Amino acid sequence: MEQLANLAPFVLLLPLCMFLVLGLFGNKMAHKTAGLLGTAVFGVTSVICYYIAINYFFSGNFQNGGTFEAVELFNMEWLRMTDTLCIHIGFLLDPLSAIMLIVISTVSLMVHIYSMGYMKEHDGTYDGGLQRFYAVLSLFSFAMLGLVIATNIFQMYIFWELVGVSSFLLISYYYYKPSAVRAAKKAFIVTRFADMFFLIGILILSYYTGTFDFDKLTLVNEGHVEIVNSTMRDITFCGFPIISIAVFLIFLGGAGKSAMFPLHIWLPDAMEGPTPASALIHAATMVVAGVYLVARLFPVYHFEAPHVLEIIAYIGAFTSIFAAIIACAQTDIKRVLAFSTISQIAYMMVALGVSGYGEAEGLGYTASIWHLFTHAMFKALLFMGAGAIIHAVHSNEMDDMGNLRKRMPITHITFLIACLAIAGIPPFSGFFSKDEILVAALENNKIAFAVEYFVAGLTAFYMFRLYYRIFWFGEPKDGYKHEPHEQSLVMTFPLMFLAGVTVISGICWMFGLLPFTHLISSDFTNYDIHTHWNVALPSIGAGVIGILIATFLFLEKTGRPNKAVSYFKRPYKWAVKKFYIDEVYLYVTNNIIFKRICQPIAWFDRHVIDGFMDLLAWITNKSSEEIKEVQSGYVQQYAWVFIIGVITIVICAI
Amino acid sequence: MNILSLFVIIPLIMMAVIFCINGENKKLIRSVMTIGGVALLAVSVITTIEYFKEHGADPTAAFYLQEQFMWYERFNIRYAVGIDGVSVAMLLLSSIIVLTGAIISYAIENKAKEYYLWFLMLSVGVYGFFISIDLFTMFIFYEVALIPMYLLIGLWGSGKKEYSAMKLTLMLMGGSAFLMMGIFGIYFNSVPEGCDPTFKLDEIAAHVTMLRQNSSDVDTSLIDWEYIFFPLTFIGFGVLGAMFPFHTWSPDGHASAPTAVSMLHAGVLMKLGGYGCFRVAMYLMPDAANDLAWIFIILTGISVVYGAFSACVQTDLKYINAYSSVSHCGLVLFALLMMNKTAMTGAILQMVSHGLMTALFFALIGIIYGKTHTRDIREMGGLMKIIPVLSVCYVIAGLASLGLPGLSGFVAEMTIFVGAFQNADTFHRVFVIFGCTSIVITAVYILRVVGKMLFGPIQNEHHKDITDANLYEKIAVFTLIAAIAAVGIRPLELSDMIKDGVNVISTILAK
């Protein structure tokens, strides 16, 4: 315990120092040095994270009769707000944060390594801003780690904003490209908009409960959250209990980061950033922050706001099918993956939405976090694989690819493993986590189950469409300008590593070597479950059907895809256009907010308010202009006025 | 002789020295300015240490390091100085900005000597205002700070400088006319039986408390004067704090002012407004403050959002920043009116934070303008590639402004929102949530500038060979960034110090 407490600050300090060092002195270093330094230091950070997490799970010191205890490794005062509300910066270690530490450090380390190869230009030199890239990568790792170990909701908000800004900086990495700048702005503003609700939610929650701390907020006692007492339950606003409103607003914050409909529009555009950044931030870690947030406050949702949880399930279900449909029609491989990410995160949200609390009731919770884990691994793998492909063919478009399986064998095999995992084919990890989500959904929410079941098939279809278009299908129309070839070991090692994780974690689960339910559950108590073959077999069936359809359409270059499209002309067009949500947003921001609010206000300010001030000055000026005639200097005139005045007074006197 | 008077004496000595130097010898003048600026910063640091010592010894006093002597016995006008946690924060802020402003002003070539003389005059006024605890002295220093503005903008400014200078001066003078009525109103009315009228703040506050106690059970009309003079005083200071609808001097004034003057004006002078509202209007007229706050909450709430929306469509960098100041300073007054300790602490933190980051903004805008000869964001683009240091600094300033954690803006805004939310009635809640929207709108206009001016392709071929910041500019800019980051990373001590200062007034208001 003490040893862990001594190590704990380094989890934050090392990446932060790296950010400062690379940010301030990076331009004095060679590109390679900066990359190696960043990777090495993050390697150390990962080792510490692993050490803490493994120690926590397996040393037995933190377990009490099958229940994991939450401990605060450190917790220092940062800002005192009111007498009761105080922001701390601390390290909360419990199963949830330990899992997240593993996820983040693994993916981030792989991305650090991968980037050394990916950011290299084709002539072997690096892009000018490599130090900047590693600096921001360190900043991101710092912020993301700080987010998951937060002891209180305000610390989480602090790091939440920091991950937002590092995401902004990474998307706009190619800042000279207008599209990248636009995407970065969009990502930041949309998530910021959601964060506003998060903030308001925090304000409400903290005002009524009098605390920011998670350990107080989530303390469960006899079927309700202890801190929420009955008077608080009676406080309502517009007919809704105030705590429900608060946690719903907090969920909206999470929905922004996790790209839930209708706040998902920023994520596909965020693919303008460098691919490693997409893999890390926009696939594996930052975008699941919303899931993490709901999981973190899960007891509050479950006991005090069950209806909100239900809404979350429906929003999740809708988002997952919505994004999956769009993914079927996209041709930019990174965008396909982006929509797939949206869909999969929504899956996790659904799992939380249908989950109960306590042991096997909380299966959805466990499944959600486990899916977060497996998804992070295989989605990062998919992105990095896509990066390797983009690096080889210099294009994001499917039309410029094809027949790459012989040319890039390692990428091909690892990509295939990831595709099988996400399609839910055993024994890969994705199958098991997805299966548990479906089991949980079947028990609690039949609609969500039906939707998710369909999405499982759809996922298999669009992933294998992607896979075949890249690795089979036939050469692109004009052939390749440069012959694509396999990437160097720096880039393929992370692929192989993550593929290994995907396979091994699946096999471990299958043979019961490391049941995930022994690591994490909604009340941190171990329980046992078995694979439910009555759900698993049909879901495998759905996956296989999806794969078969994709094989039929895309294995070789034929007229079949076009024919298939001609059956669904209208829906296909809508899916290609992403259901015109972007256009709606564009209309609202440009034509309503900008033209109908901002411009009139600016005009009003210049012409009415300022005009009034100018008018005052003008009146003063004009009236003195008029009055000055009186002071003409002509004695005769003064005499006249004098005499007339005297006469008037005399007459009045009489 | 008290250490506080040094804040007035050092600039005066500097003025005398510069007055004696030949105007051609710019190097010498600059070194005098720098040495003096450093000395002032040193004095403020020493004052802070002294304050902590005294505060440790007696944590309940209203003012520390007090000193006074009589100016005019008949009317009981004294030169009285003293500080509390709030003024210490303001003094530190002023010193940082005066020093960096002096360094940025190295670029002034035309009549540098006269420029610096007026610049110092402005500093005298600002420092004097923050250290005085006598209404009359305060008012004098207030006027001393305003007058040089006219000349500094009118002579060394750019664009429609005469118009802007006149507008700014007239509007602020109009404000001080209200203020004078307010001050005399307080002076003549805050006299319980058997006491002499006084200008000294803590004495007036004691008198007002006595009046309240006497009148509470007999006749409330005795304190009706507060209801006349509170609005006058609040608006008087509010004009300087850019409160809607009295803010229009700010965009024009800032746009025309030379760089360092903008820095000093937005960074420190506008804080006089917020500080005055807090120290004079609310401290001395608590009943009226409590009862009339709703009017000003509406006005300042409008300021916050209205300024932010206006900033979204401006194309001139200085206009954007001026409207952003309207929004941020609106938040200062807004938070003060929330009447509780946390929100008021947040207000003062916001003053510090806004002072630092707006000074940084104006410094950067000035430097960039000096190189590109345009402030129109549509004519610039891709500056990140050409002048990376300045661009990165601009991004940092922008992030501070939109409230990124780790920089000062976040600390201030969050303290304000948490504090403001402690008022549980619907009216306050609605306005707090209304105010919260500004964090999104701020992001919009900040990112718009960053995206247009710094990122993207290079717009103007002539901009390709401009050079990055020189050493002096870097020193000034980095100092400001360091201060912003320091407040943002370790806010605990500063916030606690301010809270101790606020405590006295928030207790009176809560009664």
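Helices here are DSSP runs of H or I with at least four residues, numbered from the N terminus. With that numbering, A:F524 sits in the loop between helix 20 and helix 21 of chain A. The model is a predicted one.

The two chains touch each other. On one side, 41 residues of chain B are in contact with 36 residues of chain A. Several elements of chain B give two or more residues to this side, among them helix 6, helix 11 (286-313), helix 16 (408-420) and helix 20 (492-510). Helix 18 of chain B provides the largest share, six residues. Sorted by class, the side of chain B that touches chain A consists of 26 nonpolar, 13 polar and two charged residues.

Helix 6 of chain B also packs within its own chain. Its axis (residues 161-189) and that of helix 9 (residues 249-256) of chain B come within 8 Å and cross at roughly 135°. Angles over 145 degrees would count as roughly antiparallel and those from 65 to 115 as roughly perpendicular; helix 6 and helix 9 of chain B are therefore oblique to each other. Their crossing is left-handed. Helix 6 of chain B contributes B:K161, B:S164, B:A165, B:K167, B:L168, B:M171 and B:L172 to the contact, while helix 9 of chain B contributes B:W249, B:D252, B:G253, B:A255 and B:S256. These residues divide into six nonpolar, three polar and three charged. In the loop between helix 8 (225-240) and helix 9 of chain B lies B:P245, and the peptide bond from B:F244 to B:P245 is cis, with omega near 0°.

Elsewhere in chain B, B:R378 belongs to the loop between helix 13 (341-372) and helix 14. B:R378 counts as exposed because it has 11 C-beta neighbours inside 10 Å.

In chain A, helix 17 (residues 409-423) has 15 residues and reaches 21 Å from its first C-alpha to its last, close to the 21 Å expected at 1.5 Å a residue. Helix 17 of chain A is mostly covered, with eleven of its 15 residues buried. Its buried residues include A:H412, A:F415, A:C419 and A:A423. The elements they pack against are helix 16 (363-393), helix 18 (429-444), helix 19 (446-471), helix 20 (489-510) and helix 21 (533-554) of chain A.

One residue of helix 19 of chain A is A:F464. A:F464 has 26 C-beta neighbours inside 10 Å and so counts as buried. Leaving out residues up to four places away in sequence, A:F464 touches A:C419, A:A423, A:G546, A:I547, A:A550 and A:T551. The C-alpha atoms of A:F464 and A:G546 are separated by 8.0 Å, with the residues 82 apart along the chain.

The backbone on either side of helix 17 of chain A comes next. Most residues other than glycine have a negative phi, and most peptide bonds are trans. In the loop between helix 16 and helix 17 of chain A, A:H394 has a positive phi near 60°. With 12 C-beta neighbours inside 10 Å, A:H394 counts as exposed. Just after helix 17 of chain A, A:G424 has a positive phi of about 80°. The loop between helix 17 and helix 18 of chain A holds A:P427, and the peptide bond from A:P426 to A:P427 is cis, with omega near 5°.

Finally, A:F524 has a positive phi near 65°. A:F524 counts as partly exposed because it has 19 C-beta neighbours inside 10 Å.

Definitions and conventions. Residues numbered from 1 in each chain as written. Chains lettered and ligands numbered in written order. Predicted model: local features only at pLDDT ≥ 70, side-chain atom pairs only at ≥ 80, totals over all residues. Axes fitted to C-alpha atoms, helices over the stretch in contact; angles between N-to-C directions. Parallel < 35°, antiparallel > 145°, perpendicular 65-115°, else oblique. Left-handed = near helix turned anticlockwise from the far one by under 90°. Contact = placed C-beta atoms within 7 Å. Nonpolar A, V, L, I, M, F, W, Y, C, P; charged D, E, K, R; others polar. Expected span 1.5 Å × (residues − 1). Buried ≥ 20, exposed ≤ 12 C-beta atoms within 10 Å, placed from the backbone.
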